[in-house]
Each structure stands twice: as C-alpha cells, then as structure tokens.
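Hi,

Here's the structure I promised to pass on.

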Amino acid sequence: MLDYQSIRPMKTAIVGCGAISEIFFKNFTERFRIIDLVKCCSKSGISAQRKAEQYNVQCSTLDEILADPEIELLVNLTPASQHYQIIKAGLMAGKHVYSEKIFTPYLHQTQELMQLAADKGLYISGEPDHFLGAAWQCAREYIDAGILGEVTSIAASSCNNRGGVSERMSFVNEIAGGVAYDFGIYLIASMVALLGPAKEVCGIMRNHVPSRVHRNLSHKDFGQEYQTPNEDQLAASILFESGAVATLHMNGNTLMTTKPYFMIHGSDGSLSMSSPAEFSGDMLLYRAASREPTMLTPAHGFYHDSRGLGAADLAWAIRLGRNPRVSAEFVLHCQEIIQGIDESFQTKRFYEMTTTCDRPAPLPKGYLGRNAVFSYDEEGALVF
C-alpha cells in the first residue's frame, strides 16, 4: 500500500508576481502540502522581491529558475502575450508547467507546446480550474446522479463595463485579453466540465468599441483616447456531443458589472449556479413539484478562493502517475471553442470542432477542510 505521507512535495517556482499572484502565494504556502514554493520571479524583479520577503521564498530570475535542477513545476502567472515563450522555455528546461489562462493566444501554439511536453514526458496544465470548486462539483454530482434528468441546455451570461476594467488592468488590451479569453473561458470550461466536449459552435465575436477615453481623473492620460483592440461582445451557441445545447452571452459595453448568470436546464429540474469565476456560491435547484427553489449545500471542499487548486491537482497527478483533472486536452478544447466562435462569425457558418477531451474526473465528497466538523482535509480529495 502506498504511503502517502512519504510522497515528496513538488518544488515549485512562480513566474509573474502581479496582483493575481497574491492568492497563489497564499494558497501554495498555507493550503497545499504537495506544493513546496521555493522561488519566484517577475519582469522587473520589484514585485518578486516583495512577494519573496512576504512569503519567505527566494527572489530569482527566470534564467536562474530554469537552470535550477530542483525546480520541478513552473507556475506561469504572466499575461497571455508572454505564455508561449515562458511555457516553451519551461518545457525545454525539463519543468512541468501550470499556466494562468489561456495557454497561448493561438491554437497551433498550444498544440505545439502539448507535443513538446509529450515528447519530453512532461505535464502541462492550466486554468480555468474553478470547476473543481465546491459548487461546480456539487452540480456535477447532481447531473451524474440523474437528479436533473437529461441535461438539455445551459444558458450563461456575463456583462461588465470594459471601459472601467481596461483603465485599471492594462493586460485586457493585450492579445487574448478580450471578454471571451479573459472571462468567457471560465463559462466555457464550466460547460465542458459538466457536459463533455462540444461538437459545433456558431456565433458573433466582435469589437464594438475599438477605442475609448480615459475617464478616471487620477489617470495620467485623463481625457485622452486610447485603443481597446480586443473583442468586447460575444453571442454564441454551442452544440455538445451529448446532444445538449448552450447559449453564451457576453457584453463589455454595459454601465456596470452585472452578476454572471449560469443556468443548467434538465428534463426533471433546473440548477441556478454562481459565477464560474468563483469556486462556490449560491446554488438553487428548481423542481416541478416545488413552488420555491431549494438552496443546495455542497458536500465538497474548496468553497473559498482556491486559485492554484489545479496546480496542486497536477502535482498530485504527477506524483501518483494519473491524468490531471485540468488536462492539456481540456484546455485546448475550451480554447478551440472560442476560436471557433470567432471563425464562425468571420465565415458566417457553423464551425465544426477538430479537438475533443474527456470530462474531468470528479472530486470525491466529504473533504470539506479542517474547519468542518467530522470531515477530512480538502487536499485529500486530490489523491483520488
């Protein structure tokens, strides 16, 4: 019998120490035993030095990390425009790589990296991993148990003020920073995790407002025009191999951010979900015999912000010789759905998917964390 306590934690380095990195540092150092975070780096080195001091890790350069034979896993938290070069460098240096969304801006680049990883016997994985959170695993349980009957459709929508976002977060104006790649990928990943692979897609993906004006008085360029080159609207339909259909609506030209809408419809019931960018949240079950919906309480762990969960699952997969739940094939398939919607709009035709993937293996119930009485540590669920 395998002695799980003897399994060696995976020495890990973070590349990119921007705002999103904070929760990764926190979770890697406080929540996941399988991750041994030892180094970090950033483009300027300044943010990496701050994080290194805060979390007692070593501030390094990317070249130093790549040359360190002890580092097994690279966690890439840089903007999408830098992903291809960093992931490739990590693989060439013999490191496994886990990356922030999306792998690369282009399908052929992602496929090239997948082939490189396979040739070298390495793993690559990445976000979105939010479908491993409590609410989404509960939804998967209800679907698999047949409580909703045959799942026939999903309707999802997310709207925000892209102008306000683009002033505060400049990366959204870089390649793969539009509404589809930056947020739509969460909704799509949740759909694929619940329903399996897509067969065909069609829709509209366009940039309705290609330039905007800086409206924040504190901005140094207040009142001046700037370019916003990425898509800010998406309306699409997805046909899944299972026979279910999905509608996806995104609009970055609204006055304010609205709560994302995600509804799963089945022949025997419907399930209202929280935001796919969150690991948990309110879940409402609608059944024919009930006048009011039933609030569901998941029996799974990872309720709160669990970014880095996919990296921890990857590390366990490597140590145990199994497939990671967020497989490279899964990430590639979700990416192709977005690019298929774009091509559909350009050609005015349905786009037939060329890739496929397996539904990610579900997490077992009962691993709710140390704060839940009569429960088990969350990370134990990743062993299975």
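Below is what turned up in it, starting with how to read the numbers.

This is a predicted model, so to speak of local features we need pLDDT of at least 70, and side-chain atom pairs count only at pLDDT 80 or more, while totals for chains, interfaces and linings use all residues. Residues are numbered from 1 along each chain as its sequence is written, and side-chain values use heavy atoms, with hydrogens and water left out.

**The sheet**

Helices (H or I, at least four residues) and strands (E, at least two) are DSSP runs, numbered from the N terminus. Two strands pair if DSSP finds at least two bridges between them. An open sheet is built from 9 strands, in the order β16-β15-β14-β13-β7-β12-β11-β8-β17, with mixed pairing. At its edges sit β16 (294-295) and β17 (351-352), each pairing on one side only.

Inside that sheet, β8 (residues 198-206) and β11 (residues 233-240) are antiparallel partners over 8 bridges. If you want to find one of them, Arg-206 has Gln-233 in β11 as its bridge partner.

Two helices go with this sheet. Contact means heavy atoms within 4.5 Å, and angles run from 0 to 180 degrees between N-to-C directions, with axes fitted as lines to C-alpha atoms (for helices, over the stretch in contact). Helix α10 (residues 328-347) lies across β8, β11 and β17, at about 55 degrees to β8.

Strand β1 (residues 10-15) pairs with β2 (residues 35-41) in the parallel sense over 6 bridges; Thr-12 has Leu-37 in β2 as its bridge partner. Buried means under 20% relative accessible area, exposed over 50%, and partly exposed in between (1.4 Å probe, protein chains only). In β1, 5 of the 6 residues are buried.

Helix α1 (residues 21-30) has buried residues too: Ser-21, Ile-23, Phe-24, Phe-25, Asn-27 and Phe-28. They pack against β1, β2, α2 (46-55), β4 (73-76), β5 (96-99) and α9.

**One proline to look up**

Pro-324 is in the loop between α9 (309-320) and α10. Is Pro-324 buried or exposed? Its relative accessible area is 10%, so Pro-324 is buried. Leaving aside residues up to four places away in sequence, Pro-324 touches Tyr-123, Asp-313, Leu-314 and Ala-317.

On a 1 Å grid over the protein atoms alone, a cavity is a set of points where a 1.4 Å probe fits but cannot get out; a pocket is an open set with protein on both sides within 12 Å along at least five of seven lines, and lining residues have an atom within 4 Å of a point. Grid points are joined across faces, edges and corners, and a volume is the space filled by probe spheres set on the points.

The largest pocket has a volume of about 1,200 Å³. Its lining has 47 residues, and Ile-20, Lys-101, Met-169, Phe-171 and Asp-182 lie nearest the centre. Helix α8 gives the most to this lining, with 4 residues.

There are 2 cavities of 30 Å³ or more. The largest cavity is about 60 Å³, and its lining includes Arg-162, Asn-207 and Asp-232.

Happy browsing!
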